[in-house]
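Visitor: Could you walk me through this model, one question at a time?
Guide: Gladly; here it is.

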Amino acid sequence: MKLLVINGVNLNMLGVREPALYGKKDYKTLVREIKAHAKKIGVKVACKQSNCEGEIVTMIQRALGKYDGIVINPGAYTHTSVAILDALKAVMIPTVEVHLTDVDAREEYRKVSYVSEYAFLRVTGKGFDGYFEAMDAIKARGAKQ
Ligand code: DQA
């Protein structure tokens with residue numbers, strides 16, 4: 001089983017951006033921990049990050065036929081991007097939405113999530129552990145949609 005973990009806008013700034021909210025660990029550490037978790041549960045994983053909405057759409061399109069599951073934290077694009085939602089609906093790859101913070105307990109504008117319309121599971125407010133939980137959920141669901 002091959003998983004694609006996509007981190008969107010500003011997630012490359014982990015460790016620097018608002019540490020009280022997002023923690024002190026950086027993006028490199030997140031990738032390292034995701035890879036270690038993948039090894040532990042016996043799946044293959046690729047981690048990609050982009051600050052550009054269109055690049056994220058292209059990543060999702062290119063995942064077709066290559067990956068069995070997508071874990072995505074689109075960052076602020078969660079709350080605005082119909083394009084990312086449409087790309088996920090186009091490829092029909094089982095997807096879990098992850099947020100480091102509890103987005104529903106924050107500002108009103110963070111309560112809207114387009115990706116949620118497609119994702120079969122949403123994990124919020126669990127920090128890095130949310131990514132591991134997402135990976136476990138895709139593995140448990142199996143390779144087929
Ligand atoms: C985030 C929450 C979003 O509202 C925010 O714009 C982010 C990160 C999270 O992981 O908690 O960039 O997706």
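What follows is a set of questions and answers on the sheet, the ligand site and a few single residues.

Visitor: Before we begin, what kind of model is this, and which pLDDT do local features need?
Guide: This is a predicted model in which side-chain atom pairs count only at pLDDT 80 or more, totals for chains, interfaces and linings use all residues, and local features need pLDDT of at least 70. Residues are numbered from 1 along each chain as its sequence is written, and side-chain values use heavy atoms, with hydrogens and water left out.

Visitor: What is the strand order of the open sheet?
Guide: Helices (H or I, at least four residues) and strands (E, at least two) are DSSP runs, numbered from the N terminus. Two strands pair if DSSP finds at least two bridges between them. The sheet has five strands with parallel pairing, in the order β2-β1-β3-β4-β5.

Visitor: Which strands stand at the edges, and what is the average twist from one strand to the next?
Guide: An edge strand has a single partner, so one of its sides is left without a neighbour in the sheet; here these are β2 (44-49) and β5 (121-124). From one strand to the next, the twist averages 20 degrees.

Visitor: How many bridges join β3 and β4, and which residue in β4 stands opposite I72?
Guide: As a reminder, strands of a sheet pair through backbone hydrogen bonds, either parallel or antiparallel. β3 and β4 (residues 95-99) pair in the parallel sense, over three bridges. V71 has V96 as its bridge partner in β4, while the residue opposite I72 is E97.

Visitor: Is β4 enclosed or open, and why?
Guide: Burial here means under 20% relative accessible area, with exposed over 50% and partly exposed in between (1.4 Å probe, protein chains only). In β4, T95, E97 and H99 point one way and V96 and V98 the other, and all are buried. Because five of the five residues of β4 are buried, the strand is largely enclosed by the rest of the structure.

Visitor: Which strands does helix α5 touch?
Guide: Contact means heavy atoms within 4.5 Å, and axes are lines fitted to C-alpha atoms, for helices over the stretch in contact, with angles from 0 to 180 degrees between N-to-C directions. Helix α2 (residues 27-41) lies across β1 (2-7) and β2, at about 165 degrees to β2. Helix α5 (residues 129-141) packs on the sheet at about 160 degrees to β3, and the strands it touches are β1, β2, β3, β4 and β5.

Visitor: Is H99 buried or exposed?
Guide: H99 lies in strand β4 and is among the residues around the ligand, where near means a heavy atom within 4 Å. Not counting residues up to four places away in sequence, H99 touches several residues, including N73, P74 and R122. With a relative accessible area of 3%, H99 is buried.

Visitor: Which backbone nitrogen does the side chain of S81 reach at 2.9 Å?
Guide: S81 is found in the loop between β3 (69-73) and α4 (82-91), and S81 counts as buried because its relative accessibility is 0%. A polar atom of the S81 side chain lies 3.4 Å from the backbone nitrogen of A83. The backbone nitrogen reached at 2.9 Å is that of I84.

Visitor: What is the phi of M92?
Guide: M92 is in the loop between α4 and β4 and counts as partly exposed, at 45% relative accessibility. M92 is not a glycine, although its phi is positive, at about 60 degrees.

Notes:
Polar contact = N/O pair within 3.5 Å; in protein donor to acceptor, adjacent residues only side chain to side chain.
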